[in-house]
Amino acid sequence: MPATQSAPPRRTAATAEPEDPLPPRLAHLPARDKLERLLKVARGKKKALILTHDNPDPDSLAAAVTLAHILERRAGMEARVGYGGIIGRAENVAFVRVLRLPVSHVSQLDFEAYDFFGLVDTQPSVGNHSLPARLRADVVMDHHPLRDESLQAPFADVGGDFGATATMLVEYLRAARLEPSVDVATALFYGIKADTRDLGRETTQTDIDSYLWLFPRCDKHLLGQIEHPEVPARYFQLFHTSIERAKVYGTAIITDLEEVYSPDMVAEIAERMMFLDGMKWSLAYGTFRNQLFVSLRVKDRRMNAGRLIRETCESFGGSSGGHGSMAGARLPLSGKASQRKALKRELVNRFLKAFGVSEQRPVSLLAAQDD
Ligand SMILES: [Mn+2]
């Protein structure tokens, strides 16, 4: 991705004090150099809090736990991992339980007790994390496309050729000559596996190298417990609802899930619906705690799901993020039921237009004909 390499970091007069220069872009430096810079930024700090994005996925959790581990072992800090939202998908619940990952909900943490903050698999300006606005992230590590604001962090390793943030952390681990525990190795392995869908989606050679390095170090039995978890009855109930409500518009499938028991179910269903024959677009949305969660999947390689969702949802407020083939947004919902309904209708219309199928008559998935 040379696009992230060429332009020097933007700086304004206000941020250009000589004692506080913006750090260089790190994505393409050798891991040893990046590690050295990381440890330099951590020097003199005592307690680190590493945050995942809200409603964290395995990639985010594995990366956060590994960064905390590196800071403890190589920077002599005390480090904890926190997350906002909920861990909802059955696989992700099993992931945290089976691997006994030391992660805490932000409601259990006192931000004042820390003097060092990290964000992984997200960036300060993305908005899908729980770092209070008054606090600055000291470290940002994320494989998603760089947001310029991230360069204001003392240490920002963002972008680069990685299908998962876990892949980036494997490089740091190796540069630090740290041998991960079986639990951490399994977490990283599953993080890469899940984010790249078994190395079949937006995967680079670095992901494959990390995956192979982790393979002999991880516990396949535990992995099996994570990948094939027991699920609650409401999981099937929600799937039932989603199949009943899904509508096909030519090459797009759109699913209104109403209330969901966990925001990441929206992503799971968008993903599953994409499997329908002939689909190029899958959009699912559902409400959780007064927010509308939107998830988009795109098969067309020329399209960028992250950009599309940002452009489509921007004016609704809230936050959005994503990359080539997958993206998500969460929008604040307020007002009366009729206003919420109108917002959803407007949202769907915008997407139909973006998909180029606004002229198509919708067909219920249950009535759709196979070719
Ligand atoms: Mn990720």
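Helices here are DSSP runs of H or I with at least four residues, strands are E runs of at least two, and both are numbered from the N terminus. I'm working on a predicted model, where local features need pLDDT of at least 70, side-chain atom pairs count only at pLDDT 80 or more, and totals for chains, interfaces and linings use all residues. Numbering starts from 1 along each chain as its sequence is written, and side-chain values use heavy atoms, with hydrogens and water left out.

**Entry: A31**

I looked up A31 and found it in helix α2, residues 31-42. A31 is buried, at 18% relative accessible area; buried means under 20%, exposed over 50%, partly exposed in between, with a 1.4 Å probe and protein chains only. Skipping neighbours within four places in sequence, I get E171 and A175 in contact with A31 (contact: heavy atoms within 4.5 Å). I also checked A31 against W281: they are 250 residues apart along the chain, and their C-alpha atoms are separated by 37 Å.

**Entry: the manganese ion**

Which residues are the protein donors of the manganese ion? I find D59 (OD), D121 (OD), H143 (NE2) and D195 (OD), lying 2.1 to 2.5 Å from the ion. Donors are N, O and S atoms within 2.8 Å of the metal (3.2 Å for Na, K and Ca), and water is not among the atoms, so sites may look incomplete. D121 sits in the loop between β4 (116-120) and β5 (139-142), and H143 in the loop between β5 and β6 (155-158), so the pair ties together parts that are 22 residues apart in sequence. I have both D121 and H143 down as buried.

**Entry: D59**

D59 lies in helix α3, residues 58-74. Its side chain reaches the backbone nitrogen of A166 at 2.7 Å, and a polar atom of that D59 side chain lies 2.9 Å from the backbone nitrogen of T165. Beyond neighbours within four places in sequence, D59 is in contact with residues including D121, H143, G191 and D195.

Conventions:
Polar contact = N/O pair within 3.5 Å; in protein donor to acceptor, adjacent residues only side chain to side chain.
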